[in-house]
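Here is a walk through the fold, one region at a time. Keep the 3D view open as you read.

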Amino acid sequence: MPKDPVQVLRSVFGYERFRGQQRAVIDHLTAGGDALVLMPTGGGKSLCYQIPALIRPGTGVVVSPLIALMQDQVETLLQLGVRAAFLNSTLPYDTQRQVEQSFLDGQLDLLYVAPERLLTDRVQALIGRAEVSLFAIDEAHCVSQWGHDFRADYWQLSLLHERFPGIPRIGLTATADERTRNEIVERLGLQDAKVFCSGFDRPNIRYRISPKQDARRQLVHFLRSEHPGDAGIVYCLSRKKVESTAEWLRAEGFSALPYHAGLSTDERQKNQRRFLMEEGVIVVATIAFGMGIDKPNVRFVAHLDLPKSLEAYYQETGRAGRDGLPANAWMVYGLQDVITLRQMVEASEADELHKRVERYKLDSMLGFCELTGCRRQALLRYFGEISDKPCGNCDNCLNPPDTWDGTDAARKALSCVYRTGQRFGAHHIIDVLRGKSNERIQRLGHDRLSTFGIGQELDEKQWLSVFRQIIAQGYLTVDWEAHGALRLTEDCRPVLRGEVSLSLRKDSYKEAASAGRRHIEARFSNPDDDRLWQALRALRRNLAEQQDVPAYVIFQDAVLMEMVQARPGNRTELKRLAGIGERKLQLYGDEFLAVILEHGSRDGSASTASTTADESLALFRLGMNAEQIAYQRGLTITTVYGHLARAIETGAVELGEVVGLSDSEIGEIEAVRQTLPEDQRYALKPLYQALNGKFSYEVLRCIRAHHERHRNSSGQA
Ligand SMILES: [Zn+2]
């Protein structure tokens, strides 16, 4: 095994460069230091201990809380030629003995162990006799009794430090909040560890929240139009709803499976396994599903019910897009969700202190839903991270919502709640506001109230939206003891007195542009590419089935996409693609090359060698923008725009796909260009300066490439 981290990265894992803080963590750990790594899902956490384990003498012992996750990691490592194994309760006795012996003999690079097993005298004795390179404690937030992943066994893990003080330790988590972080440090005895905190943004996830109308139909529309054939997770609050939603989706032709704590262990495992192994399976689940699922190509997470906190929302949506490719976090919510959750908090048995925490968390969640600004900024801010510009990849950034002055409407709504005695739910109050005279209203005498019929200017849907927002903002509370009657809170006084004005969100039922749509279209835009793509996927599926491993363990989608784009003609060219290390080249290289050659090279021209620009283009075709490509590949934005500009020049992509400029902006740039001396019209700097820096060099470069293309083509004509 080479001793240089970059060499290991290239030869074993098939990547050119490290991302983010990976290199710093690896160097620190390799040198024998302890580390605490907080990195978002999909940020490449496991490399942080896998590479040091390969470089340092001995076996890296990895504590991992979930069996499915362990198996997945070990299968992936074996494919890379890394000597890995696991010890957990699923192993037959003989196999367990063999694994233990290999560990003692120094035949393992990495050994994954369940925490309860690690703490047995037997395994402790083994560790004492074997050579151990490091301890990695994955999902370290399991020590936190505040989180829902709490594992009592994790509390004992500080033993490792006490018994084996000389062996470096690394704790890893994707959980964001500070309290959990402090708990990890304290419980695991990591006070002297160096902390590597990467921030929690998941730039490839597009956050979208829409008002609920007919949730199931909205879901089916979303799945059909944006995710045909994709794997994803649909979250619901109750077991019953999970069952009925899964059934409904199956009737609509989707491959959907239920998952909740009420199913037998057998059935749960069967459904989880199908989700991992097959393509295009949708799991409908309560929150019981998800932890330990490391499937990289989950393309969407859909919420039919609101999570109880932003922590839960972040964690659940975070299961999408672990491969770094575009993914959707989609949610619908409505008045009833707000009422149900408010009621749940008020009705809970918890003491006042816990209730206050829960209320705060729910308020933050509801505020997030009603937000009119960038959702990503708000989400990151909640976790203490400031990002200075809107993300451009959430529904509010893509389709800024309209707002309206709802002060008057809110006042009418609040007075009507008051006049009717704070004993009714929203639907009745809306009837009164709209002046509906039915038997019940007459019997209660509500048609004689001063607020009867004062709200005819809004229709029922608009009133529901008003109520949802004023309840979300805390002006009304839900009395759970009185069957969900609405009551005024102290906060509503200034609104009633006309001292504050309320800006409300205008609900739009138009869906924001999808993250997935472009890549699906792009995938099929060239029939020749599409045929090759399908053929490569078929080969991958066969190989995976033969070995009984998930398809992504053979190659991830991005690697196949690069093969389509670059069409390598030999092993050397194939090896240049990201994600193909030496072992996989040996195992599968020839078979994949044969399929590529069979499909011939593009346009009948000779097969071209893959270049770094092709790699960027392949990712772009998968729907990533320049920032995401730069992050994924560890390049600068300028370099990536250089690659895209080249693609514009050759006609591989259109200018409009790369830069989102309006016609008037393009007109403005052109007008300014014409004012430049002729010999400077195609130089970037004079144009940039003449435009006073209004457009970046990157954008101008793409526009120049567009011109070049048209100059070339008209020159030929
Ligand atoms: Zn945004």
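Before anything else: this is a predicted model. Let's begin with a helix. H31 covers residues 637–650, which makes 14 residues, and it reaches 20 Å from its first C-alpha to its last, close to the 20 Å expected at 1.5 Å a residue. Its buried residues are Val640, Tyr641, His643, Leu644, Ala645, Arg646, Ala647 and Ile648. Just after H31 comes glycine 651, with a positive phi of about 85°.

**The overall layout**

The protein is divided into four parts: domain 1 (5–197), domain 2 (205–398), domain 3 (403–505) and domain 4 (527–714). Take domain 2 and domain 3, whose C-alpha centres lie 30 Å apart. Their contact takes 15 residues from domain 2 and 15 residues from domain 3. On the domain 2 side, the elements giving two or more residues are helix H14 (335–347) and helix H15 (352–370). H14 gives the most to that side, with seven residues.

Is alanine 472 buried or exposed? Alanine 472 counts as buried, because 24 other C-beta atoms lie within 10 Å. Setting aside its neighbours within four places in sequence, alanine 472 is in contact with Val338, Leu366, Gly367, Cys369 and Glu370. Alanine 152, by contrast, is 36 Å from alanine 472 in space, C-alpha to C-alpha, and 320 residues from it in sequence.

**The six-stranded sheet**

Now look for an open sheet of six strands, in the order E8-E13-E12-E9-E11-E10, with parallel pairing. Strand E8 (205–211) and strand E10 (256–259) are at the edges with a single partner strand each, so one side of each has no neighbour in the sheet. On average, neighbouring strands in this sheet are turned by 15° against each other, direction ignored.

Inside the sheet, strand E12 (residues 298–303) and strand E13 (residues 327–333) run parallel and are joined by four bridges.

Tyrosine 259 has alanine 285 as its bridge partner in E11. Although E10 stands at an edge of the sheet, both of its faces are covered: Ala256 and Pro258 on one side and Leu257 and Tyr259 on the other are all buried. In a regular strand the side chains alternate between the two faces of the sheet. Helix H12 (residues 265–277) lies across strand E9 (231–235), E10 and strand E11 (282–285), and runs at about 140° to E10.

**A strand with two partners**

Strand E1 (residues 35–38) also has both faces covered, with Ala35 and Val37 buried on one side and Leu36 and Leu38 buried on the other. E1 pairs in the parallel sense with strand E6 (residues 169–173), over four bridges. E1 also pairs in the parallel sense with strand E7 (residues 194–197), again over four bridges. Alanine 35 takes part in each pairing: its bridge partner in E6 is isoleucine 170, and in E7 it is lysine 194.

Most residues other than glycine have a negative phi. Here are two non-glycine residues that go the other way:

| Residue | Phi | Loop between | C-beta atoms within 10 Å |
|---|---|---|---|
| Glutamine 422 | about 55° | helix H18 (407–419) and helix H19 (426–433) | 15 |
| Aspartate 548 | about 60° | helix H24 (527–547) and helix H25 (551–554) | 8 |

Why does aspartate 548 count as exposed? The cut-off for exposed is 12 or fewer C-beta neighbours, and aspartate 548 has 8 inside 10 Å, so it falls in that class. Glutamine 422, with 15 other C-beta atoms within 10 Å, is partly exposed.

Note on methods: Residues numbered from 1 in each chain as written. Predicted model: local features only at pLDDT ≥ 70, side-chain atom pairs only at ≥ 80, totals over all residues. Pairing = 2+ DSSP bridges. Axes fitted to C-alpha atoms, helices over the stretch in contact; angles between N-to-C directions. Contact = placed C-beta atoms within 7 Å. Expected span 1.5 Å × (residues − 1). Buried ≥ 20, exposed ≤ 12 C-beta atoms within 10 Å, placed from the backbone. Domains from an automatic or database assignment.
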